[in-house]
Amino acid sequence: MSAQWNAMRLGARRGWLEWIISLRNPGDVSYTIMGVVIAGVVVYVYRDATLIEGSTTPMAVYVVASVLAVQLTFATTYNVAVLLSTEREDGTLLRMKSLPAGVRAYTTGITARAVLDFVAIAAVTLAVVVVILWPRMPLSALDVLILAGVLVLGIVALTSFGFVLGSVFRSPRAVGGWGFLVIGALAWVSGLIQPMVSMPAWAQVVGQGSPLYWVGLGIRAALLPDEFAVLEVGGEWRLWLVFPVLAAWTAAGLLLAPMLLSRMARRESAASVAQGRERALSRV
Amino acid sequence: MGNTIEARGLRMSYGNRVVLDGVDLAVGKGELVALLGPNGAGKTTTIELLEGFRSPDAGELSVLGVDPSRGDERWRARIGVVLQSWRDHPRWTVRQLLGHMGDFFAPFGTAAMPRPIPTDEVIEMVGLAEKAGSQIRSLSGGQRRRLDVAIGIVGRPEVLFLDEPTAGFDPQARREFHELIHRLVDFEETTILLTTHDLAEAEVLADRIAILDGGRIVASGSSDELARQVAGASEVSWMQHGVRHVHSASDATAFVRELLARDGDSVTELRVREQTLEDTYLAMVARQNEAAAHDGVGAEEREAAR
């Protein structure tokens, strides 16, 4: 067995272990539960509200699509960036660097954990939503396939950008604070808070440059019936564009992330960890 | 190459600040060498170059016959690194983390050199048995450092690097740590290089001490050899006509013979004190502190982090 393969295997196990450990942490669990509860309450409130005249599908399903896209962004881009900058500072990354193929295992572990985090919260959310809306969220096999495809591409693209951000920005406090605001702004401009067609023209242009918009659009295409397409730019789902755009973002992320990660890992040293420690302690 | 660790003409600067200015160092197989020097002397930089965590500006390096900056995973598996941990993996238990770290070395084990050391065995070695199931954040400072050592040795390394392993220890923890290191040296044929700014510690632990000052190895040898090499001058003091005189002489015997021959009757309270290794080292530390006060403290660390 080669060291690299062993490292991938150990990374997967590491991600699983970290995930299990986080399940035993009341703080982490209540954060997740709160996310699900808020989504459930919003869906419940809008369970009978109509968005499109004459459609049997309530507005709540539109909300579910946005909730999934936001959950995906936080579980991948945000969490990965915060985790990476935190663990550079606390010496986890340096520790892994001292092991054979340790950095590979480390990044595999973070990725595995992000996927587990998202799959868990999305599964629980969808279960709650299906119970509330039954039977008014019918999904065909094709819908499920589209949803799975969009989510897989979205996970890869957004996770790799989490690595990019986490290796560029050093301070976990800055990544955590500013990152939260930036992702919030990005979610709005990407049409996850209100339909994009109801937004100013400049926001529509900016929003379509964001991968979040395409993730959201793809999820809506899967979950919503075709009469909802009037709320989209051009009045259609544009699936022929969703997959190529997401694939391009994925390719860009997969190209950029390893480059920045290896540059960052190369620079990691005891001195930089000591400096991070000093900086963190001076804030207490 | 005969030596397990070998460095020649190592140079390193951060910006225009020269940290290492031609370091030469050789450590033989199974030897325990302490790299002694005041804070800011370049000890951490030297050890990080040997660990392959940084590349030198100039100079030749070899650890186990390989240039560390080109060391592959196979080489890395033969090296143990003891870091000064702070708060990584806080929610893992001791056993979980050591098991995980050990697994990385499994592909590199052979029948003659089984890797890793079984988790419970390594926990026993560092005396953390009763903490094996505890979360790492619940460990005391001394226990944490023992965990650091356990992580460093779990892969059964042929070379072990320890950077300031006892910084922040109380005397009790320090003695326990010294016992642990002695046990390691006795059991396995591990080659060990550790850094310290504490002369007493270097004298207790090491076969050989290399003193790093001003970016160079200024002296190297066993503590007895060093005392002779570094010491040199003795301090002669005496009373004469109610006045105390002090003189520093490289050959104290000759000086005293001459002094007594010249005006032996009036000399009283004659004392000859040999300048110790400690005196020399403390003078070195004082000089370094003065320089640091000039530069602003921690300049090396700030530069190093770039």
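## Basis

The model is predicted: local features need pLDDT of at least 70, side-chain atom pairs count only at pLDDT 80 or more, and totals for chains, interfaces and linings use all residues. Residues are numbered from 1 along each chain as its sequence is written, while chains are lettered from A and ligands numbered from 1 in the order in which they are written.

## Chain A

Chain A has eleven helices and zero strands. Helices (H or I, at least four residues) and strands (E, at least two) are DSSP runs, numbered from the N terminus. The radius of gyration of chain A is 20 Å, close to the 19 Å from the globule rule for 284 residues, so chain A is as compact as a globular protein of that length. That radius is taken over C-alpha atoms, and the rule is 2.2 Å times the number of residues to the power 0.38.

Along the principal axes, the C-alpha atoms of chain A fill a box of roughly 65 × 45 × 40 Å. Of its 284 residues, 46% are buried (20 or more other C-beta atoms within 10 Å of the residue's own, with C-beta atoms placed from the backbone). Contacts need C-beta atoms, placed from the backbone, within 7 Å. Among contacts in chain A with a separation of 6 or more, 81% join residues 24 or more positions apart.

## Domains of chain B

Chain B splits into domain 1 (1-78 + 158-231), domain 2 (94-155) and domain 3 (232-304). The bounds come from an automatic or database domain assignment. The C-alpha centres of domain 1 and domain 3 of chain B are 29 Å apart.

## A sheet in chain B

Three strands of chain B form an open antiparallel sheet in the order E11-E10-E12. Strands E11 (243-249) and E12 (267-274) of chain B are at the edges, each with a single partner strand, so one side of each has no neighbour in the sheet. Neighbouring strands are turned by 15° against each other on average, direction ignored.

Pairing requires at least two DSSP bridges. Strand E10 (residues 234-240) of chain B pairs with E11(B) over seven bridges. B:Glu235 stands opposite B:Ser248 in E11(B). Helix H9 (residues 252-263) of chain B lies across E10, E11 and E12 of chain B, at about 175° to E12(B). Axes are lines fitted to C-alpha atoms, for helices over the stretch in contact; angles run from 0 to 180 degrees between N-to-C directions.

## Contact between the chains

The contact takes 31 residues from chain B and 26 residues from chain A. On the chain B side, H3(B) gives the largest share, four residues.

Terms used:
Two residues are in contact if their C-beta atoms, placed from the backbone, lie within 7 Å. A residue is buried if 20 or more other C-beta atoms lie within 10 Å of its own, exposed if 12 or fewer, and partly exposed in between; C-beta atoms are placed from the backbone.
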